Amino acid sequence: MFLDELPEFNRRTLEVLRQPLEDGTVTISRALNSTTFPANFMLIAALNPCPCGYRGDPRRSCHCTPPQVERYMSKISGPLVDRIDIHIEVPSVPFKELSGGLPGTSSAEMRVQVTTARQRQAARLAGSSTRYNADMSHRQTRQFCCLDDESQNLLKAAMMEMGLSARAHDKILRVARTIADLDQSDSIRPNHLNEAINYRMLDRNLWT
Ligand SMILES: [Zn+2]
C-alpha cells in the first residue's frame with residue numbers, strides 16, 4: 001500500500017494502521033462482536049519535509065515557519081513512525097543527473113541480489129515458521145543479529161543520541177542483518193549497522 005502525502009491523511013485513520021503493521025491482522029469491532037482478519041501488507045509512504053516542500057532544498061527557499069512545520073509533521077504520530085522499518089530522505093535530483101550520468105543497478109542485477117539475500121535468510125531461519133529477517137521475533141533477533149564490540153558501541157551511542165525505542169532497536173538489527181545478507185556477509189559489520197541506523201531518519205526529529 002502506497003500512501004502519498006502522508007500528513008494529508010486523517011491522523012486517526014493513520015493510527016488504525018498500527019495493529020496491521022505490528023501483527024499483520026486487523027480487528028473490526030462492532031456492537032456485538034469483533035472479528036480479526038488477516039492484513040499482512042507492505043506500507044510505503046511519502047511526505048514532504050514541510051508544507052511547501054522546499055525545506056532543506058539548496059536551490060529553493062522555504063518560507064514555512066517552525067510552528068507550520070511542526071503542525072505538519074505532528075500529523076504523524078511517534079508510535080506510527082516507530083513501526084516503520086526504514087525512513088530515508090530523498091533529495092530532489094538536479095536536471096543534469098536526470099538527463100545523463102551513470103546508470104545505477106539494473107533491475108535484473110537487483111533481482112539476483114534480492115534472491116540471494118532471501119535464500120540466505122531462508123537457510124538461517126530453516127526449521128522455524130519465520131521466513132524473512134523482518135519477521136524475526138525478539139528472541140530470533142538476539143540469536144541471529146550478534147554484533148561485534150565496535151557495532152555494539154555504535155548502536156548504544158545511536159540509542160542514547162536519538163532516544164530510540166526497544167522496537168526501533170530491534171528494527172535496526174533486523175535491517176542490518178538484511179544489509180549484511182545483501183552483502184553476502186555472515187556477520188553484521190559496523191558499516192551494515194551504520195547504514196541501518198541511518199535509515200531511522202524520522203527518529204532524529206528532523207523537523208526541530
Ligand atoms: Zn517549506
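Trainee: In which strand is Phe2 found?

Mentor: The model under discussion is predicted. The strand that holds Phe2 spans residues 2-3. Its name is β1.

Trainee: Is Phe2 buried or exposed?

Mentor: A residue counts as exposed when its relative accessible area is over 50%. Phe2 has a relative accessibility of 52%. Phe2 therefore counts as exposed.

Trainee: Which residues make the nonpolar surface patch of about 350 Å²?

Mentor: Phe2, already placed in strand β1, is one of the residues that make this patch.

Trainee: Which atoms coordinate the zinc ion?

Mentor: The zinc ion is held by SG atoms of cysteine residues, at 2.2 to 2.4 Å. Along the chain, these donors follow the spacing C-x1-C-x9-C-x1-C. The atoms are the SG atoms of Cys50, Cys52, Cys62 and Cys64.

Trainee: Where do Cys52 and Cys62 lie?

Mentor: Both are donors to the zinc ion. The pair links distant parts of the chain, the two residues being ten residues apart. Cys52 and Cys62 each lie in the loop between β4 (44-45) and α3 (66-73).

Trainee: Why is the arrangement of the four donor atoms around the zinc ion tetrahedral?

Mentor: Four donors count as tetrahedral if all angles lie between 85 and 135 degrees. Around the zinc ion, the four donor atoms subtend angles that meet this condition, so the arrangement is tetrahedral. The angles are 107 to 116°.

Trainee: What is the phi of Glu5?

Mentor: Glu5 is found in the loop between β1 and α1 (11-15). Its relative accessible area is 31%, so Glu5 is partly exposed. Although Glu5 is not a glycine, its phi is positive, at about 55°.

Trainee: In which loop is Gln184 placed?

Mentor: Gln184 is not a glycine, yet it has a positive phi of about 55°. At 52% relative accessibility, Gln184 counts as exposed. Its place is in the loop between α9 (166-182) and α10 (190-198).

Trainee: How many Å apart in space are Thr115 and Leu182, C-alpha to C-alpha?

Mentor: Thr115 is found in helix α6, residues 107-124, and is partly exposed, with a relative accessible area of 36%. In sequence, Thr115 and Leu182 are 67 residues apart. In space, their C-alpha to C-alpha distance is 9.1 Å.

Technical notes. Residues numbered from 1 in each chain as written. Predicted model: local features only at pLDDT ≥ 70, side-chain atom pairs only at ≥ 80, totals over all residues. Heavy atoms only, no water. Patch = residues over 30% accessible without salt bridge, like charges linked within 9 Å, V, L, I, M, F, W, Y side chains within 5 Å. Areas by Shrake-Rupley, 256 points an atom, 1.4 Å probe, with all protein chains shown as cover. Salt bridge = Lys/Arg side-chain N within 4 Å of Asp/Glu carboxyl O. Helix = DSSP H or I, 4+ residues; strand = E, 2+ residues; numbered from the N terminus. Buried < 20%, exposed > 50% of the residue type's maximum accessible area, 1.4 Å probe, protein only. Donors = N, O, S within 2.8 Å, 3.2 Å for Na, K, Ca; no water. Tetrahedral: all angles 85-135°; square planar, octahedral: opposite > 155°, others 65-115°.
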